[in-house]
Amino acid sequence: MLEVKDLNVIFNQGTVNEKQAIRHLNLTLNDGDFVTIIGSNGAGKSTLFGAISGDVPITEGQVCLDGIDITNQREYVRARNIGRLFQDPLRGTAPHMTIEENLALSYSRGKHFSLRPYSKKDHTVFKEALKRLNLGLEERLNTKVGTLSGGQRQALTLLMATLVTPKLLLLDEHTAALDPATSDKVLKLSQKIVEENHLTTMMITHNMEDALKYGNRILMMNNGEIIADIDAEAKKTMKVEDLVHKFTDVSEANDRMLLRGS
Amino acid sequence: MNLTVILGALELGAIFSILSLGLYISFKVLDIPDLTVDGSFTTGCAVSAIVTVASSPVLGLILAFVAGALAGLVTGLLITKLKINAILAGILTQTALYSINLRIMDGKPNISLLDSKTIFTNINQITSYGTLIVLFIFVIVIVLLLNYFLKTQLGLALRACGDNEDMVRASSIDTDKMKLIGLSLANGLVGLSGALYTQQQTYSDITAGIGMMVIGLASIIIGTTFIKNEKVLISLIATVIGAIFYRFVLTFALQVGITSGDLKLLSAVIVVIAISSTKLKLGGKKNARS
């Protein structure tokens, strides 16, 4: 499904500010995998997503999706097959356009852009899709998206990212800016949509509980590398404490290494 | 104000409303402050004058649109492919266009159309409102076309591009292409506006474009401040009304004795007032919905 081979991402190469954000990273995802990714700030989680979706330039290595090498494809071309959600709920929708117009745009993803007005036929498709969100948005198709709450907008973004089924869904702490109740709702919704469409998904989270609760595999990242890969079997017996332990062990070791080095 | 003055103001208002509709695409829809306008307006004037004298006034309008669109395309390429800041890109194109416009006009700073037929000549023999009627047909057709266009798939993408670029890219749309299309269309309309201006005034002047960006901005801001509605058709109509109203303000100013040399100063002051008044009023609202 997704194959990342020997990926290196170096920022500001050749300057004093040079930083290697991803180090020789290898990763293979199977069809239908739901992977949660944890790791401290600066571990390279978001950079990895950026490299996969094309807004972070890849220094070395290869990214393949469904056997096709997409390393050199531009971001908007990759977006045909990759849906992505960010932490900022404002980032995924156009505030001055209506819900229907937003949906119409994402619905035409990967299709030819024409001079025909967006079809009223899709009206029922949008309504059906919105109904599944259970937020009452199906009655507000002509509402400007800017008037919706953060949670509603994130739910709408999720819908837009999956309206045309992507091959890969990247969720970058997409509930971190929401209040706990809404966050929970959006997460459950994400899982529902992922399961219904059998989507291959990667989700970054800082919430260990969520990391254990959702998905079938956990990746732990630190300093640009994957330092632990926990499969479904091991995950089942794990508790939050185990995960935290594992995490602190590694990062402490890393800190010690850093101190010794200096 | 007598009838001739009012007629003149309405005619110029209609001409500048086409310019403003072009600017609406770049400034409002795409959110790019496009300074190419001052240059591409003159390009429209120059092309229209030369072609009208040499062959046909209608062809002059069409080629003026094309020439304006090309100017917009250049600015678009500077912004998207060479990553030059939008304002600077516009200024660069505008500066370059001065030389090009002079070349189009065969090195002469102005060209008279007094001996040539314009698109208004025939109808003006029937009625003295001829120019006005033709101009308003242009305005109405352009408003309807734009209203249609902005609701097509392509138009939606264009609008979203000025609203949230991240989201547009995520919908697998090439934002660079959208900017190129938008800026070309915008400056095409500006060129057409210049072409109509030249044929209405029956002369083309190398300095005709100075301050056009400000006129367009003023029209949009005045229009959308008076008529607050986010519907596409309504804001297009608001822009047209803004342009005509603005022309009347300037005409009135001339009537009460302000010299034409001071008009640009007055224009700038009006824009400052209009912008600051909307900013002060919109302050709270903008924070809430951005």
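## Strand pairing, helix packing and chain contacts

In chain A, the strands β2-β1-β4-β5, in that order, form an open sheet of four strands with antiparallel pairing. The edges of this sheet are β2 (19-29) and β5 (68-69) of chain A; each has a single partner strand, so one side of each lacks a neighbour in the sheet. The model is predicted.

β4 (residues 60-65) of chain A pairs with β5(A) in the antiparallel sense over two bridges. Within that pairing, Cys64(A) has Asp69(A) in β5(A) as its bridge partner. Helix α1(A) packs on the sheet and touches β1 (2-11), β2 and β4 of chain A. The direction of α1(A) makes about 65° with that of β2(A).

Helix α1 of chain A covers residues 45-53, and nine of its nine residues are buried, so the helix is largely enclosed by the rest of the structure. Among these buried residues are Lys45(A), Ser46(A) and Thr47(A), along with Leu48(A), Phe49(A) and Ile52(A). Just after α1(A), Gly54(A) takes a positive phi of about 105°.

| Strand pair | Sense | Bridges | A bridged residue pair |
|---|---|---|---|
| β4(A) and β5(A) | antiparallel | two bridges | Cys64(A) and Asp69(A) |
| β6(A) and β7(A) | parallel | four bridges | Ile82(A) and Leu168(A) |

In a regular strand the side chains alternate between the two faces of the sheet. Strand β6(A) is covered on both faces. Ile82(A) and Arg84(A) are buried on one side, and Gly83(A) and Leu85(A) are buried on the other.

Chain A as a whole contains nine helices and 10 strands. Its C-alpha atoms fill a box of roughly 65 × 40 × 30 Å along the principal axes. Of the 262 residues, 42% count as buried. Among contacts in chain A between residues at least 6 apart in sequence, 71% join residues at least 24 apart.

The average pLDDT is 88, and 94% of the residues score at least 70. Among the elements of chain A, strand β8 (residues 200-204) has the highest mean pLDDT (95) and helix α9 (residues 240-261) the lowest (72). Where pLDDT is low, the predicted coordinates should not be read in detail.

Between the chains, 28 residues of chain A are in contact with 21 residues of chain B. On the chain B side, α7 (153-163) and α8 (165-170) each supply at least two residues. The most come from α7(B), with seven residues.

The largest nonpolar core has 158 residues, and Ala157(B), Ala160(B) and Ala218(B) have the most contacts inside it. Helix α1 (residues 3-29) of chain B gives the most to this core, with 13 residues.

Elsewhere in chain B, Ala253(B) lies in helix α11 (residues 232-255). Is Ala253(B) buried or partly exposed? Ala253(B) has 17 other C-beta atoms within 10 Å, so it counts as partly exposed. Leaving aside neighbours within four places in sequence, Ala253(B) is in contact with Ile258(B), Leu263(B) and Leu266(B). Ala253(B) and Leu77(B) are 176 residues apart in sequence and 40 Å apart in space, C-alpha to C-alpha.

Terms used:
Residues numbered from 1 in each chain as written. Chains lettered and ligands numbered in written order. Predicted model: local features only at pLDDT ≥ 70, side-chain atom pairs only at ≥ 80, totals over all residues. Buried ≥ 20, exposed ≤ 12 C-beta atoms within 10 Å, placed from the backbone. pLDDT = per-residue confidence, 0-100. Core = buried A, V, L, I, M, F, W, Y, C linked by C-beta atoms within 7 Å. Contact = placed C-beta atoms within 7 Å. Pairing = 2+ DSSP bridges. Axes fitted to C-alpha atoms, helices over the stretch in contact; angles between N-to-C directions.
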